[in-house]
Amino acid sequence: MKAEVSEKLQIICDHCGDVCHDKPIIHADKHFCCEGCQTVYEILSEKDLCTYYDISEKAGISLKNRNYGERFAFLDNAEIAEQVLSFVDKDIAKVSFFIPTIHCSSCIWLLENLYKLREGVHYSRVNFVKKELSITFNPAVLSLRTLAELLATVGYAPEINTDTLQPKAVQAEQRTLFLKIGVAGFCLGNIMLFSFPDYLAMQGWANENYGVFFAFMSILISIPLVFYSGSAYFVSAYQSLKTGIINLDVPISLGIAVLWGRSLYEILTFTGAGYLDSLAGLIFFLLCGRWFQSKTYESMSYERDYKSYLPLAVTVEGGISKLIAQLVKGEKIYIKNQEIIPADSRLESEEAMIDYSFVTGESQLIRKQKGDYIFAGAKHEGSTIVLEVDKPTSQSYLTQLWNNQEFRKVTTDTTLQRISLLFSRYFTHLTLTIALLTALYWAWADPSKIWNAVTAVLIIACPCALSLATPFTFGNAMRILGRNHFYLKNADLIATLAEVNHLIFDKTGTLTSPQEATLEFVGTPLLPEEQNALQSLASHSTHPLSRRIARYNPDALREEVQQFQEQVGRGIQGVVKGKRYSLGNAIWVGAALPQEGAVGVAIDGVFRGYFMLQHQYRKGIESTMHTLRQSSYTLSLISGDHAQEHQNLKTLLGENATILFEQSPIDKLEYVKTQTDKPKQITMMVGDGLNDAGALQRSHVGVAVAEDTNTFTPACDAILAGSDFTQLPTFLQFAKKSIQAVQWGFWLSVVYNVIGLSFAISGNLSPLFAAIFMPLSSASVVIFAVVSTNLMAKKMKLL
């Protein structure tokens with residue numbers, strides 16, 4: 001047999017950019033890592049769509065080890081298809097798919113040219129931020145299943161699960177806010193247009209004939225401005241006064257009312273032009289600040305529940321796809337490789353390999369035998385298995401866990417919120433007192449100045465700059481954190497992050513990296529030819545552990561395997577160059593193995609050792625934990641894994657850290673609840689799986705670590721990309737710096753108010769200048785917020 005030489009020079013796939021570990025496939029002078037990538041290239045080449053590669057080099061999605069098979073067969077079910085489609089008629093249908101693999105301009109270009117790939121597609125449009133693809137097609141020519149399979153074929157498989165079909169609450173509040181901003185902007189533009197004669201001090205026929213008309217038109221336009229766009233401030237002020245609390249909206253609404261009232265008085269009495277343009281600018285910028293405050297990363301989902309994790313449908317007897325909500329006890333279901341088990345069931349097949357990591361936190365594959373009970377949420381790896389449903393999805397353990405009343409989110413008032421509340425309470429009282437004293441003084445000194453002085457005081461003392469300091473500082477800080485792959489649910493979380501003093505970590509997938517897990521061989525060292533033979537043997541099996549062993553050494557030579565045998569639940573064996581190789585459980589290889597998940601190795605009946613999957617800690621984790629300890633954070637770890645790593649973790653987290661192993665989701669929830677309920681404890685739970693969902697919800701701040709921020713993450717307050725986990729101390733420090741920036745903004749606003757009030761009280765500041773200075777002060781605070789946070793971020797190397 002001719003020997004093959006392993007080349008050290010790496011060959012890159014011309015479609016996806018991955019390294020071609022095995023012998024590359026060569027087609028049209030191009031190299032491909034797998035047949036899937038070659039197929040996509042051929043499709044694009046045939047349809048003259050290779051511009052895809054010109055826009056972004058090697059932009060394709062790797063299709064190695066991706067077998068979609070019957071994955072979208074459930075879309076042939078008319079009832080399911082009806083739920084997925086947003087509109088359907090005889091010859092036209094519309095659908096929106098979530099495509100997590102959209103990542104660059106080439107993706108957008110290709111997906112928006114789908115009509116060139118397949119007849120029946122009329123139109124397609126990408127929403128890059130939400131990673132959504134909207135398609136209009138002819139259902140008489142192209143079925144929904146075929147459409148989904150077409151996308152999967154070119155590397156853009158849509159993600160369709162139960163959660164995507166749940167009716168979403170319409171974001172009426174957000175839509176109303178946009179409408180109010182639009183109305184305020186319209187009013188601002190038109191009132192400024194009507195005010196041009198006043199700006200230019202125009203005299204003569206035009207101003208005399210149209211000045212009054214323009215002024216009354218401005219009053220007309222100001223009605224929706226005040227009573228629609230500005231209504232939220234009046235409602236908020238009324239509700240706060242009703243409960244005996246004075247918030248910042250009270251003086252803001254007072255300032256709006258005074259500015260509008262003074263403008264009406266001047267225009268109707270023909271004593272002035274009023275200040276409606278300044279009023280429109282004020283309301284417009286206030287609403288922009290409110291929008292910035294409420295703006296979140298809409299491409300992320302923070303409110304996910306167990307439904308996001310379960311499949312939409314499952315195959316039942318007869319090969320029919322059935323909605324999981326319709327499953328009943330005793331029904332047989334068929335689960336394919338990598339599919340999620342949607343209901344608590346008993347195994348009917350002889351064997352199954354189950355991954356419970358998202359439910360229990362235990363990272364190892366568990367071997368189940370016929371008759372064993374399997375909980376919903378487990379992922380199956382291997383050939384198709386048959387199960388009998390014991391409980392419907394709505395009554396499963398996973399559902400009961402999620403619906404636990406302890407999953408409620410804990411809220412706490414931050415120091416900043418308490419200071420803001422205290423400030424707003426006294427600010428209004430102080431403003432009204434100053435206005436009254438001003439009126440009394442000028443009533444005695446010069447009654448003609450009372451109205452101007454009091455109006456100027458009420459306008460200049462409006463805390464608009466103060467109300468903008470927090471949202472714009474936090475909004476910009478949230479944007480900066482997002483650029484570093486730390487995505488917050490809302491900007492207000494920054495204040496809570498700054499006060500966190502107890503960090504609680506999960507282990508698997510949080511401190512360890514799934515992508516860096518290594519397969520290790522423990523035992524008598526294997527010779528190169530033995531290693532080649534074992535990997536060749538493993539490549540003949542579809543078992544998940546066999547597939548990992550087959551990829552153990554990318555440079556291994558493939559040998560011919562004779563007399564291959566596989567016994568479900570035990571192992572595989574075969575003859576390579578006259579020697580019999582065996583891979584399997586303890587009975588199969590005739591020796592004791594250390595734990596579940598280990599794969600024994602025997603050669604010619606002699607036990608040589610075993611393969612074990614070892615999870616590796618994230619790179620830089622030691623310095624990260626050291627920094628957190630030095631910053632006086634209390635550290636804890638709660639894990640569903642066994643205690644083998646106890647000593648390593650004690651060294652990593654410190655001697656004073658609490659470390660708990662073999663913790664169920666309920667155990668994790670109870671521990672976090674206990675810590676959260678302690679006085680002066682602000683907890684942050686950092687986890688990655690559904691088993692951490694309760695703890696994430698019960699902590700003050702729940703951070704879900706995700707290797708891919710577009711795939712499933714449990715309900716949380718923030719999503720942190722696993723690749724940036726080691727930056728966690730920097731993010732926490734940046735949150736504290738952001739609070740300082742808000743405080744500086746507060747003082748800037750206070751200084752502005754003191755200076756402005758001194759001029760207003762003296763009678764030297766007309767309402768016109770007060771109305772001009774008010775939006776200018778707001779703009780200065782906004783600029784200060786953005787500049788100060790950007791400077792801090794650059795200093796901390798976040799920009």
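Which residue of β12 does D355 stand opposite? D355 faces L365 in that strand. This is a predicted model, in which local features need pLDDT of at least 70 and side-chain atom pairs count only at pLDDT 80 or more, while totals for chains, interfaces and linings use all residues. Residues are numbered from 1 along each chain as its sequence is written, and side-chain values use heavy atoms, leaving out hydrogens and water.

**Overall picture**
- The protein has 27 helices and 28 strands (DSSP runs numbered from the N terminus: H or I of at least four residues for helices, E of at least two for strands).
- Of its 799 residues, 52% are buried, meaning under 20% relative accessible area with a 1.4 Å probe, protein chains only.

**A three-stranded sheet**
- An open, antiparallel sheet runs in the order β12-β11-β14; strands count as paired if DSSP finds at least two bridges between them.
- β12 (365-369) and β14 (379-381) are the edge strands with a single partner each, so one side of each has no neighbour in the sheet.
- Neighbouring strands here are turned by 40° against each other on average, direction ignored.
- Five bridges join β11 (residues 351-355) to β12 in the antiparallel sense.

- The axes of α22 (residues 621-630) and α23 (residues 646-653) come within 8 Å and cross at roughly 50°; axes are lines fitted to C-alpha atoms over the stretch in contact, with angles from 0 to 180 degrees between N-to-C directions.
- I621, E622, M625 and R629 of α22 meet T651, L652 and L653 of α23, where contact means heavy atoms within 4.5 Å.

How values were computed
Buried means under 20% relative accessible area, exposed over 50%, partly exposed in between (1.4 Å probe, protein chains only).
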